[in-house]
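Take a look at the fold before you go through the notes.

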Amino acid sequence: AGAPPPRHFSGEGESKFRIVLLAGFETFNRELYRRAADRAAEQCPGLEIWVCTERDIASHPEALGGALKGADIVFCSLVFDFDQVNWMQERIADIPIRFVFESALELMSFTQVGSFTMAAKPGKKQGMPPAVKALLSKFSSTREEDRLDGYTKFLKSGPKLLKMLPGDTANDLRRWLETYAFWNAGGTENIASMFLALATEFSPLTPSPSLLPA
């Protein structure tokens, strides 16, 4: 089963902000993510980070469940297994900020960054420009190919959409896109910068400027 997921934390006392990262099919990158978590935690006392993989759902459900319970941000990538998706859905619904990338569409619909969400809102009209509305509406389509197409196009056109959205929504979409950019770039420095950017945006903590993204 292996060792349970470790807690990355520096400073004294209790943590003030917790991020849980769960990466599927990424076991080979686990040590990279752990190094990034150590680096970010050292630069930001009070920041607590848990780095997990989809294997922990079966091997260490209590440790992973405990980390998720009380998390401020959850970050998921490449989680597709039906049972794993169901397990995660039940445990992340109450986490305030949720980033879900390149996973089962049922899990990606749990994405929530401020006013930006990928969840369908039946009967609620959204005051968005037609181009934005048409693209985001694909996420609530009953056709899986439409939803996947919408997600793919969204990653490519997101920066242009920022100019078409009201202030708060554009800000939240920007946070989502910037987080995805760090994650997609990969590498220890980018993942550490992603953790610190999330702490800067969403927590009362003040990371050391030496690692803050420009």
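The largest nonpolar core has 36 residues, and the members touching the most others are Leu21, Leu47, Phe99, Trp176, Trp183, Met194 and Phe195. A nonpolar core here is a set of buried Ala, Val, Leu, Ile, Met, Phe, Trp, Tyr and Cys residues joined through side-chain atoms within 4.5 Å. Bear in mind that this is a predicted model, where local features need pLDDT of at least 70 and side-chain atom pairs count only at pLDDT 80 or more, while totals for chains, interfaces and linings use all residues. Residues are numbered from 1 along each chain as its sequence is written, and side-chain values use heavy atoms, leaving out hydrogens and water.

**Nonpolar cores**

- Elements giving two or more residues to the 36-residue core are β2 (17–23), α1 (30–43), β3 (47–53), β4 (73–77), β5 (97–101), α8 (167–185) and α9 (188–202).
- With eight residues, α9 gives the most to this core.
- Leaving aside residues up to four places away in sequence, Leu21 touches Tyr33, Trp50, Val51, Cys52, Phe75, Trp183, Met194 and Phe195; contact means heavy atoms within 4.5 Å.
- Another core, of 22 residues, lies apart from it and includes Ile57, Leu64, Val79 and Met88.

**The chain overall**

- You get nine helices and seven strands in the protein chain, read as DSSP runs numbered from the N terminus (helices: H or I, at least four residues; strands: E, at least two).
- Of the 214 residues, 48% are buried; the cut-offs are under 20% relative accessible area for buried, over 50% for exposed, and partly exposed in between (1.4 Å probe, protein chains only).
- Take the contacts between residues at least 6 apart in sequence: 66% of them join residues at least 24 apart.
- Accessible surface comes to about 10,600 Å², with 52% belonging to carbon and sulfur atoms; the areas come from the Shrake-Rupley method with a 1.4 Å probe, and for residues only the protein chains shown count as cover.

**Salt bridges**

- There are eight salt bridges in the structure, each being a side-chain nitrogen of Lys or Arg within 4 Å of a carboxyl oxygen of Asp or Glu.
- Glu48 pairs with Arg7 at 3.0 Å, N to O.
- That pair links distant parts of the chain, with Glu48 in strand β3 and Arg7 in strand β1 (residues 7–9), 41 residues apart.
- Glu48 is buried at 2% relative accessibility, whereas Arg7 is partly exposed at 41%.
- Glu178 and Arg174 bridge with their closest N and O atoms 2.9 Å apart; both sit in helix α8, four residues apart, about one turn of the helix.
- Both partners count as partly exposed, Glu178 at 37% and Arg174 at 23%.
- Arg174 also meets Glu201 in a salt bridge (3.3 Å, N to O); Arg174 lies in helix α8 and Glu201 in helix α9, so the pair ties together parts 27 residues apart in sequence.
- Glu201 is partly exposed, at 30% relative accessibility.
- Shared partners join Asp172, Arg174, Arg175, Glu178 and Glu201 into one salt-bridge network.

**Cysteines**

- The structure holds zero disulfides, going by cysteine sulfur atoms paired within 2.5 Å.
- For Cys52, the nearest cysteine sulfur is that of Cys76, 9.5 Å away, and Cys52 is in no disulfide.
- Cys52 is buried at 1% relative accessibility, and Cys44 is buried at 0%.
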